[in-house]
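These notebook entries record what I looked up on helix packing and on the surroundings of the ligand.

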Amino acid sequence: MQIRNEIRFVLNGQDIVLANLSADETLLDYLRLDKRLIGTKEGCAEGDCGACTVLVGRLKNDVLTYKAVNACILFLASLDGSSIVTIEYLQGVDGRLNPVQTAMVAHHGSQCGFCTPGFVMSLYALWMENASPTVQQIETAIQGNLCRCTGYAPIIRAALAMSDYGTPSAEHLTKERDSVSARLKNLRDQSRVVVQKNGSRAILPINVDDLASVLVQEFGATIVAGGTDVGLWVTKFLRHISPAVFVGHLEDFKQVAITQELVSLGAGITYTEAQEVISKYYPHLSEFWDRIAGWQVRNMGTLGGNIANGSPIGDLPPVLIALGAIVTLRKGELRRELRLEDYFISYRKQDRGEGEFIESISIPRISDGYHAAYKISKRRDEDISSVAVGFNIQVTDGLIASASVAFGGMAATPKRAAAAEATLIGQSWGEAAFEAAARQLPADFAPLTDVRATSDYRMKVAQNLFRRFWLEKSGLDVRLIRLQRG
Ligand SMILES: Cc1cc2nc3c(=O)[nH]c(=O)nc-3n(C[C@H](O)[C@H](O)[C@H](O)COP(=O)(O)OP(=O)(O)OC[C@H]3O[C@@H](n4cnc5c(N)ncnc54)[C@H](O)[C@@H]3O)c2cc1C
Ligand code: FES
Ligand code: FES
């Protein structure tokens, strides 16, 4: 096997080769400190504010696709084979402001300007994909961008007017697409990449088989997928992650396979990459999906990372447990399957051994029954859940035949509400059954009080989610009632 001791990528149209590189250097530090590209700002250094938004393009099935991402929690070593674009490289025709910048000026979308490069990058990414976005699509694209002084209305007005000032096809990023794609193809050489600096080592396997081999050779290594959790270990907790095994570039770790019974997703698939298939096969998760983190984080974060991180307030585990998801764990050539609900043992402790990794997640397809997923958080966008829940209820001849209801935020692990489920089974499909299940919930959980919510609030809201589920499934639009009252 070939080993390469340098990473290669394209930055603002220039070829870059780096050999002397540690595992934990972020793209943001590299841009600002090494390249003096200071248009990309540092606000929070934890993926929350979007001031550091840049575009990262990768070849997917040989097509170059750019995504808006947070440079502050993106590790430089992970960028082998990609094309990075910063605010300095966005120019309109003849080097003037590009149409997104022009619209921001015309509609007074900037005051102090600190957040502006980040907003422009997010809106530019949206505009390149969709030249006439709706307000809702604009709000989704700027979920991960915070502005403290202008306010969002002028920025949204600017975004609605982007196409008044030009077309994506006239942008030099569009015109150079073929040549950049060809350069990225040339960078591929089927090598395992190993780079290091001051004893901190980064490894990029060739494919999933190579990942399996690396992990049995490197016990204790940190797997880094999207880095949206691991990034904060470095920027906030100053933890060392070496040796780090980066997997975000592995195309065969993102595979989707659909059978009559299952939808199987490679653990390395990002939220954005999985969104279409999830919305198609599990429509009740469509809206929920848009409430996981913000746009940039969904472009980076993976399904495998959310599960492996093992947080009791991760959004995916409860909704996937309710659907009966199974994880495939792999160590070397050995694989085993586990129900996702059995994977979580205790607080932050999971059934995963040294050298083992999550290879894929398989979710039973749904054809009938009643399904829902709810997330309760202080803010609608870019916020961690206080409580999240997945409902999966099957009804036969008017009786509840099976019930799978799993919560996050209610215990030390994501967990099914066994007593409440037992209360539902065998009951007539009706309000009384859900009322009884809600009352039974204290037998399942004694939630914590923390910064996100008190124990009482968590219990109350979780009980109310049973009532909301019933009301919605019996045809009432609960949210409409709330809006009318407001
Ligand atoms: C601003 C912000 C907002 C967020 N909002 C939300 C939110 O609303 N809801 C939510 O649930 N989460 C949220 N998160 C957390 C995070 O984005 C998710 O948990 C994400 O899915 C993690 O995936 P990742 O690929 O980035 O994981 P990484 O950070 O790369 O890894 C996370 C952990 O999983 C391990 N790992 C990764 N892949 C594998 C694998 N295949 N096998 C074994 N181990 C693996 C890593 O070693 C590490 O321990 C947020 C994060 C940020 C920064
Ligand atoms: S600096 Fe705030 S998201 Fe990166
Ligand atoms: S313009 Fe000042 S923070 Fe947005």
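Entry 1. I began with H17 and H18, which are roughly antiparallel to each other. I noted that the model is a predicted one. Helix H17 covers residues 431-440 and helix H18 residues 455-473; I read an angle of about 165° between them, with the axes 8 Å apart. Since angles over 145 degrees count as roughly antiparallel, the description follows. I recorded the crossing of H17 and H18 as right-handed. For the contact, I listed Glu431, Phe434, Glu435, Ala437, Ala438 and Arg439 on H17, and Gln463, Phe466, Arg467, Phe469 and Trp470 on H18. Sorted by class, this contact of H17 with H18 holds 6 nonpolar, 1 polar and 4 charged residues.

Entry 2. I then turned to helix H2 (residues 99-106) and helix H3 (residues 116-129), which pack at about 125° with their axes 9 Å apart. This angle makes H2 oblique to H3. The crossing of H2 and H3 is right-handed. I found Pro99, Val100, Gln101 and Met104 of H2 meeting Thr116, Phe119, Val120, Leu123, Tyr124 and Trp127 of H3. The contact of H2 with H3 comprises 8 nonpolar and 2 polar residues, and no charged ones.

Entry 3. Which residues come nearest to ligand 1? Of the 35 residues around ligand 1, I noted Ile223, Ala225, Thr228, Tyr271 and Thr302 as the nearest. I looked up the polar contacts next. A polar backbone atom of Ile223 lies 2.6 Å from an oxygen atom of ligand 1. For Gly227, I noted a polar backbone atom 2.9 Å from an oxygen atom of the ligand. In Thr228, an N or O atom of the side chain is 2.6 Å from an oxygen atom of ligand 1.

Terms used. Residues numbered from 1 in each chain as written. Chains lettered and ligands numbered in written order. Predicted model: local features only at pLDDT ≥ 70, side-chain atom pairs only at ≥ 80, totals over all residues. Heavy atoms only, no water. Axes fitted to C-alpha atoms, helices over the stretch in contact; angles between N-to-C directions. Helix = DSSP H or I, 4+ residues; strand = E, 2+ residues; numbered from the N terminus. Parallel < 35°, antiparallel > 145°, perpendicular 65-115°, else oblique. Left-handed = near helix turned anticlockwise from the far one by under 90°. Contact = heavy atoms within 4.5 Å. Nonpolar A, V, L, I, M, F, W, Y, C, P; charged D, E, K, R; others polar. Near = heavy atom within 4 Å. Polar contact = N/O pair within 3.5 Å; in protein donor to acceptor, adjacent residues only side chain to side chain.
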